[in-house]
Amino acid sequence: MKNIIDLRSDTLTKPSDEMRMAMYEAEVGDDVYKEDPTVNRLEKFAAEILGKEAALYVPSGTMGNQISLNVLTKPGDEVICEKDAHIFQYESGSPAALSGIMLSLVDGVRGVFTPDQVEPLIRPVSAYYMARSRVIEIENTHNRAGGTINPIENIAAVSALGKKYNLYMHLDGARIWNASVATGISPAEYAKHFDSVSCCLSKGLGAPIGSLIAGTKDFIQEAYRVRKGWGGGMRQAGILAAAGLYALKNNIERLKEDHEKAETLAKKLAAIPGVSVDMESVQTNIVMFTQSKLSVEDFLSKCSENGLKLGTGKVGVIRAVTHMDVSLNEMTDAAHLIEKIMN
Ligand code: TLP
């Protein structure tokens, strides 16, 4: 069978034998009764890593973000976020559908917006006829901007502004592990600027399923209620949580290798005539590029016919995401194939 190089997403990784063994051996109970020892261990461990009082295991990153926003807001409230934020672009309109909230969009640079851009969007408390500004949301790393990192000084400044106006701060840290490994800044150091954090186990960390949210005990208590109401209470979830624990303990440092693969791929692509890569946005495991030869659809099919699977980012942009199930050598193969298509 022809070898397929699948760069559509880091969500495509399959659990390793060691991870499967940890799942096989997991001690389980009914997590809706809070009696699953493995889920409890995972939540405790995640809270520690993120420097928060408590954490909650949830089925997906989308549910993690949406539960967090639901707990922090009331219908009619407004969340300020970047215009390409995952909560705006890729969560099926859930802020409106599930929580009755609006999003106020900031035009960031490579996914990063500054306090100066946010301040004019914060609505005066006295303006009862306007939506109420309630939360500022930051995505780090920023998916649609190409896996870009929000500088910690900027996060601290936006968070200080949020505090000044009594706003909550939410971090979509689906790939916070990538940001942490790339900068050497710990997840807790990032998380301390936020009231709620959501992060994923099923992307670069290689677990098959699962995300976590973290915050104060009170926040998590409420989140627990909302998760149940939305049908996210799981029973012997320890089987899955064991994979998550394995991922947190073994697969964070190795993300460096994925970053190296992305950098290698980006450099090779940038050298191909007709392909354009914004090298400044290549900071972790995502490479966004455009090409002048074919429509996006035709380009993706041509690649796919030849064993290379790619995805899309913003309109007209192709996305390649590196992960543990592709090798550094395959980056050369992928670039060769694209070069051939471009000729
Ligand atoms: N992102 C997926 C797709 O939805 C685009 C991917 O392949 O990258 N926040 C961020 C920043 C994300 O990138 C994602 C997933 C999520 C939240 C949602 O996670 P899931 O897919 O577990 O609901």
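The shell around the ligand is made up of 1 nonpolar, 7 polar and 6 charged residues (Ala, Val, Leu, Ile, Met, Phe, Trp, Tyr, Cys and Pro count as nonpolar, Asp, Glu, Lys and Arg as charged, and the others, Gly among them, as polar). The model is a predicted one, in which local features need pLDDT of at least 70 and side-chain atom pairs count only at pLDDT 80 or more, while totals for chains, interfaces and linings use all residues. Residues are numbered from 1 along each chain as its sequence is written, and side-chain values use heavy atoms, with hydrogens and water left out.

In total, 14 residues surround the ligand, and the closest are Ser 9, Gly 61, Thr 62, Asp 172 and Arg 175; a residue is near a molecule if one of its heavy atoms lies within 4 Å of it. Helix α3, residues 61–72, gives the most to this shell, with 3 residues. Helices (H or I, at least four residues) and strands (E, at least two) are DSSP runs, numbered from the N terminus.

Polar contacts, pairs of N or O atoms within 3.5 Å, can be followed one by one. A polar backbone atom of Gly 61 is 2.8 Å from an oxygen atom of the ligand. From the side chains, a polar atom of His 86 lies 2.9 Å from a ligand oxygen, and a polar atom of Asn 143 lies 2.8 Å from a ligand oxygen. Taken alone, the ligand exposes 510 Å², of which the protein buries 81% (areas by the Shrake-Rupley method with a 1.4 Å probe).

Between β12 and β13 (residues 318–321), the antiparallel pairing extends over 2 bridges.

Most residues other than glycine have a negative phi, and most peptide bonds are trans. Lys 34, however, has a positive phi of about 65 degrees although it is not a glycine, and it lies in the loop between α1 (17–24) and α2 (37–50). A cis peptide bond, with omega about 0 degrees, joins Asn 140 and Thr 141. Thr 141 belongs to the loop between β5 (132–139) and α7 (152–164).

Notes. A polar contact is a pair of N or O atoms within 3.5 Å; within protein, one must be able to donate a hydrogen and the other to accept it, and residues adjacent in sequence count only if both atoms are side-chain atoms. Two strands pair if DSSP finds at least two bridges between them.
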